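Please look through the model below before reading on.

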Amino acid sequence: MLYLVGTPIGNMGDFSPRAVEVLSSADIIACEDTRRTGILLKEFDIEGKLFSYHEHNKASKGPVLVSRMKEGLTVCLVSDAGMPSISDPGEDLVKLCIEEGIDVSVVPGPVAAISALVLSGLDTRYYHFEGFLPSESKPRRERIEVLKGIRETIIIYEAPHRLKKLVKELCDAGFGDRKAAFCRELTKRYEQVVRMTISEAADYYEENEPKGEFVICLEPMADKSEVFDTDQLISRFLDEGLSTKDTAARVAEITGGNKKNIYDQIIKSRK
Ligand code: SAM
């Protein structure tokens, strides 16, 4: 059996009694950083057998954990902070367990994204979780292009040293007049939420160097009532030189449409 166990995103008071109970009875506690999780366990008097499971070893260690669970052991997965599988390793292990018929359960805990969303003052009914944008420039530009078409509140994770760059990129993409909430160090001593437009943020962060952990909630650029003009998007991407296949993929990503149907539509329009 696998338990996904949420841990605090800063404030130890947010660690749930059930999390303590489940971790205390686990045979194996898989974690990203054994030192960091060791500190948490010590704080709550939990004795546990730690097993390193992170982004760079998950392909080889996932099957090892699965074989232990098949032997009947209980594995708990925790990440450095918040919920495993949310911009953290976990997703692959969950998929593996499901494939292998192993039960998966959850002990929910804080998530930085949702904590920021509820503080943002922006629409919470519909939202898009982006997490970290890619760090390489081309895929990053492409994701920002996708964000332009999103019609729900957008939630982005960003490292402090890249925050100013992100704000500039969002300005350049046309988000300048959009409202945003910059949620920093949530649940910690220096928790701060700054609500302003993206253009104002460009000035603000020139004056105030970003420090700590950030979640950015962003008002969408696309109008909610806007219906995507698929034909227009297809023409735009084809004019930009994208192949038929890539155009169909991009348009499907933006509109939420079916890639194959869009592909067929492009082919048909040429006949
Ligand atoms: N699994 C975590 C969750 O459930 O939210 C997220 C882990 S992700 C690797 C780390 C990122 O989450 C940080 O770079 C930051 O963007 C965001 N984050 C985590 N803790 C935060 C906090 N206390 N305040 C603001 N953002 C936080």
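How many helices and strands are there in the protein? There are 11 helices and 10 strands, where helices (H or I, at least four residues) and strands (E, at least two) are DSSP runs numbered from the N terminus. This is a predicted model, in which local features need pLDDT of at least 70 and side-chain atom pairs count only at pLDDT 80 or more, while totals for chains, interfaces and linings use all residues. Residues are numbered from 1 along each chain as its sequence is written, and side-chain values use heavy atoms, with hydrogens and water left out.

**Overall layout**

Along its principal axes, the C-alpha trace of the protein spans about 65 × 50 × 30 Å. The domain assignment, whose bounds come from an automatic or database source, gives domain 1 (2-110), domain 2 (113-218) and domain 3 (224-269). Between the C-alpha centres of domain 1 and domain 3 the separation is 40 Å. Of the 271 residues of the protein, 42% count as buried; here buried means under 20% relative accessible area, exposed means over 50%, and partly exposed lies in between, with a 1.4 Å probe and protein chains only. The accessible areas themselves come from the Shrake-Rupley method with a 1.4 Å probe, and for residues only the protein chains shown count as cover.

**Salt bridges**

A salt bridge is counted when a side-chain nitrogen of Lys or Arg lies within 4 Å of a carboxyl oxygen of Asp or Glu, and by this rule the count comes to 21 salt bridges. Some of these pairs are set out in the table.

| Pair | N to O distance |
|---|---|
| Lys 58 and Glu 55 | 2.8 Å |
| Glu 145 and Arg 236 | 2.5 Å |
| Asp 177 and Arg 178 | 3.2 Å |

Asp 177, which meets Arg 178 in a salt bridge, counts as exposed at 52% relative accessibility. Elsewhere, salt bridges that share partners join Arg 140, Glu 158, Arg 162, Lys 165 and Glu 169 into one network.

**Surface patches**

Patches are made of residues with over 30% relative accessible area and no salt bridge, like charges being joined within 9 Å and nonpolar side chains (Val, Leu, Ile, Met, Phe, Trp, Tyr) within 5 Å. For the charges, Lys and Arg count as positive and Asp and Glu as negative, while His and the chain ends are not counted; the place of a charge is taken as NZ of Lys, CZ of Arg, CG of Asp or CD of Glu.

Which residues gather in a patch of negative charge on the surface? They are Glu 200, Asp 203, Glu 206 and Glu 207. Glu 207 has its place in helix 8 (residues 198-207), and this residue is exposed, with a relative accessible area of 69%.

A nonpolar patch on the surface is formed by Ile 114, Val 118, Leu 119 and Tyr 127, which together have about 340 Å² of accessible area. Helix 5 (residues 112-120) gives the most to this nonpolar patch, with 3 residues. Tyr 127 is found in strand 6 (residues 127-132) and is partly exposed at 39% relative accessibility.

**Residues in loops**

Most residues other than glycine have a negative phi. Ser 87, however, has a phi near 50°, a positive value in a residue other than glycine, and Glu 185 likewise has a phi near 50°. Ser 87 is found in the loop between strand 4 (75-77) and helix 4 (91-99), where its relative accessible area of 33% makes it partly exposed. Glu 185 has its place in the loop between strand 8 (179-184) and strand 9 (192-197) and counts as buried at 15% relative accessibility.

Another loop residue is His 161, which lies between strand 7 (153-158) and helix 7 (163-175) and counts as exposed at 66% relative accessibility. The C-alpha atoms of His 161 and Gly 212 are separated by 9.4 Å, although the two residues are 51 residues apart along the chain.
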